[in-house]
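Let's take a walk through a protein fold together, one contact at a time.

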Amino acid sequence: MSGYCDHAPGHPLHGPYHDTEYGFPQREEAVLFERLILEINQAGLSWETMLRKRDGFHRAYHGFNVDKVARYGDKDRERLLGDAGIIRNRLKVDAAIHNANVIRGLRASHGGFAQWLDAHLLDDAGKRRDKAGWIKLFKKTFRFTGGEITNEFLMSLGYLPGAHRDDCPVQKKILKLKPPLDPAWRRKL
């Protein structure tokens with residue numbers, strides 16, 4: 001399953017992320033939004049680049065405050081495109097702003113982003129939503145969320161399996177937190 005369990009432990013950036021964040025269930029809107037922004041911006045780059053630029057993203061996107069990012073206009077877009085502390089890509093910047101507005105809408109329709117994710121754990125047939133189903137849903141709902149971005153986003157939050165191997169000590173910690181996939185965590189969907 002996860003080769004990340006082999007190379008991340010002990011690494012100055014990957015280690016802490018692997019041990020305390022990757023695959024751990026999250027509920028806070030800002031944390032979910034951060035993860036979505038980072039996954040979108042990672043497209044075509046290494047995850048290490050994203051971890052190195054994480055503080056820059058935090059500053060540039062006002063601590064991943066959905067309401068503030070949703071109100072960004074042309075001046076903010078230009079500020080972001082000129083910020084060397086983040087990935088300066090117009091499509092990715094526009095996706096962050098668009099997706100912030102989508103998340104605001106999820107508050108009204110579902111109570112929030114985490115609740116929207118939970119509401120879609122099962123497909124229309126009442127079965128656990130598989131990777132293909134999630135990808136289709138994300139492409140319909142958000143911008144710049146292709147297959148790999150959606151997969152990594154959901155895996156990093158425990159909605160899809162594969163973040164850690166069964167024999168990884170971190171996996172045991174995560175299972176105690178009852179991730180969204182528990183008890184299906186150990187089964188292939």
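Start where helix 3 meets helix 4: E34, I37, L38, E39, N41 and Q42 of helix 3 touch W47, M50, R54 and F57 of helix 4. Contact here means heavy atoms within 4.5 Å, and helices (H or I, at least four residues) are DSSP runs, numbered from the N terminus. Sorted by class, this meeting place has five nonpolar, two polar and three charged residues. For that sorting, Ala, Val, Leu, Ile, Met, Phe, Trp, Tyr, Cys and Pro count as nonpolar, Asp, Glu, Lys and Arg as charged, and the others, Gly among them, as polar.

Before going on, remember that this is a predicted model, where local features need pLDDT of at least 70, side-chain atom pairs count only at pLDDT 80 or more, and totals for chains, interfaces and linings use all residues. Residues are numbered from 1 along each chain as its sequence is written, and side-chain values use heavy atoms, with hydrogens and water left out.

How do the two helices pack? Helix 3 and helix 4 have axes 10 Å apart, at an angle of about 130°. That makes helix 3 oblique to helix 4. Axes are lines fitted to C-alpha atoms, for helices over the stretch in contact, and angles run from 0 to 180 degrees between N-to-C directions. Angles under 35 degrees count as roughly parallel, over 145 as roughly antiparallel, 65 to 115 as roughly perpendicular and the rest as oblique.

Stay in helix 4 (residues 47-60) and find L51. Its relative accessibility is 10%, so L51 counts as buried; buried means under 20% relative accessible area, exposed over 50%, partly exposed in between (1.4 Å probe, protein chains only). Leaving out residues up to four places away in sequence, L51 touches Y4, L13, H14 and Y17. L51 and H14 are 37 residues apart along the chain, yet their C-alpha atoms are separated by 7.7 Å.

Now hop to H18, in helix 2 (residues 14-20). Is H18 buried or exposed? At 1% relative accessibility, H18 is buried. Again skipping residues up to four places away in sequence, H18 touches Y4, C5, A8, P9, F24, H164, C168 and V170.

Two cysteines turn up in that list, C5 and C168. A disulfide is a covalent bond between the sulfur atoms of two cysteines. The cut-off used here is a pair of cysteine sulfur atoms within 2.5 Å, and the structure holds zero disulfides.

Last stop: helix 9 (residues 131-141) and helix 10 (residues 147-155), whose axes come within 9 Å and cross at roughly 110°. That makes helix 9 roughly perpendicular to helix 10. On the helix 9 side, K131, W134, I135, F138 and K139 meet G147, T150, N151, F153 and L154 of helix 10. This contact has five nonpolar, three polar and two charged residues.

Helix 10 is largely enclosed by the rest of the structure, because seven of its nine residues are buried. The buried ones are I149, T150, N151, E152, F153, L154 and M155. Their cover includes helix 3 (29-42), helix 8 (113-119) and helix 9.
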